[in-house]
Amino acid sequence: NLSEADFDKLDAEWKALIDKGQAALTEARERKEAAKREFLDFEGEQDTVIAAERASLFDAQARRDQWSWVPFYNTMLEEEVAATQEKLDGAVEELESKRRQSIVKIADAESDIGIAQSDLERGYSMKYSAIKIRREYKTGRSKELLADAQAAVRQAEVAYTGGKKEKAMQILEKAQETFDALAIFPDSKASAMSIPGRLYDLQKCIDTGAEYR
């Protein structure tokens, strides 16, 4: 038989898994967005750098073409073009390197998002299973308690009608925990065929010494 402690343990397990999954999911999503923002900010700045280097390269190439006929000076201009091209290539590579790093960071975050979502799914699955188990257990337990309550009332009625008032009172007192669990109490407005109605009539007879009908 399951106890309330068993249900509390099940509840603690699914709650812990859901809390863990939710925290991990939030962190991973924030990390993914941070990686995207970081790259976009860098890309904006680097695009400006690349544009400036391309302009410098265009100017250097124009000077080289204009003064290529001048000995020695044309060599210096070729070196300037090469150096500017190298700076441009470096700026482009830096952007692409940052892009590759961002792709890895985003992929890692997405992987963690998937793991967190799986934890959440398992947690909610455990939650609904626990709720179902608790409901089915309580339904079955209520049926058992109801049968016990009915039996106790019958025994008390038999005892009282047989002139054993004290025994009837003992039976009802012993069954009080069962009545409490089912929220059953003597009720003058209840049907005389129901447990609350029968309890009311029986208790009234016990209190007054009247004959139980």
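Guide: Before we look around, one definition: a residue is buried when its relative accessible area is under 20%, exposed when it is over 50%, and partly exposed in between. Keep in mind that this is a predicted model.

Visitor: Okay, which residues of helix 3 are buried?

Guide: In helix 3, which covers residues 165-174, they are Ala168, Ile171 and Leu172.

Visitor: What makes you say that these buried residues line one face of the helix?

Guide: Look down the axis of helix 3: the buried residues fall within an arc of 95°, so they line one face. On the other side, Glu166, Gln170, Glu173 and Lys174 are exposed.

Visitor: And what covers the buried residues of helix 3?

Guide: The cover includes helix 2, helix 4 (176-181) and helix 5 (195-208).

Visitor: Let's switch to charges. Why is the pair Arg31 and Glu27 called a salt bridge?

Guide: The rule asks for a side-chain nitrogen of Lys or Arg within 4 Å of a carboxyl oxygen of Asp or Glu. For Arg31 and Glu27 the N to O distance is 2.9 Å, so the pair passes the 4 Å cut-off. Both sit in helix 1 (residues 4-67), four residues apart, about one turn of the helix.

Visitor: Why is Arg31 called partly exposed?

Guide: Its relative accessible area is 30%, and that lies between 20% and 50%, so the label is partly exposed. Glu27, at 40%, gets that label too.

Visitor: How do you know that Glu38 and Lys105 form a salt bridge?

Guide: Their closest N and O atoms are 3.4 Å apart, which is within 4 Å, so the pair counts. Glu38 lies in helix 1 and Lys105 in helix 2 (residues 73-161), so this pair ties together parts that are 67 residues apart in sequence. As for accessibility, Glu38 has 35% and Lys105 has 38%, so each falls in the partly exposed range.

Visitor: Which residues do salt bridges with shared partners join into one network?

Guide: Glu27, Arg31 and Asp112.

Visitor: How many salt bridges does the rule give?

Guide: The count comes to 15.

Definitions and conventions
Residues numbered from 1 in each chain as written. Predicted model: local features only at pLDDT ≥ 70, side-chain atom pairs only at ≥ 80, totals over all residues. Heavy atoms only, no water. Helix = DSSP H or I, 4+ residues; strand = E, 2+ residues; numbered from the N terminus. Buried < 20%, exposed > 50% of the residue type's maximum accessible area, 1.4 Å probe, protein only. Arc of directions from axis to C-beta. Contact = heavy atoms within 4.5 Å.
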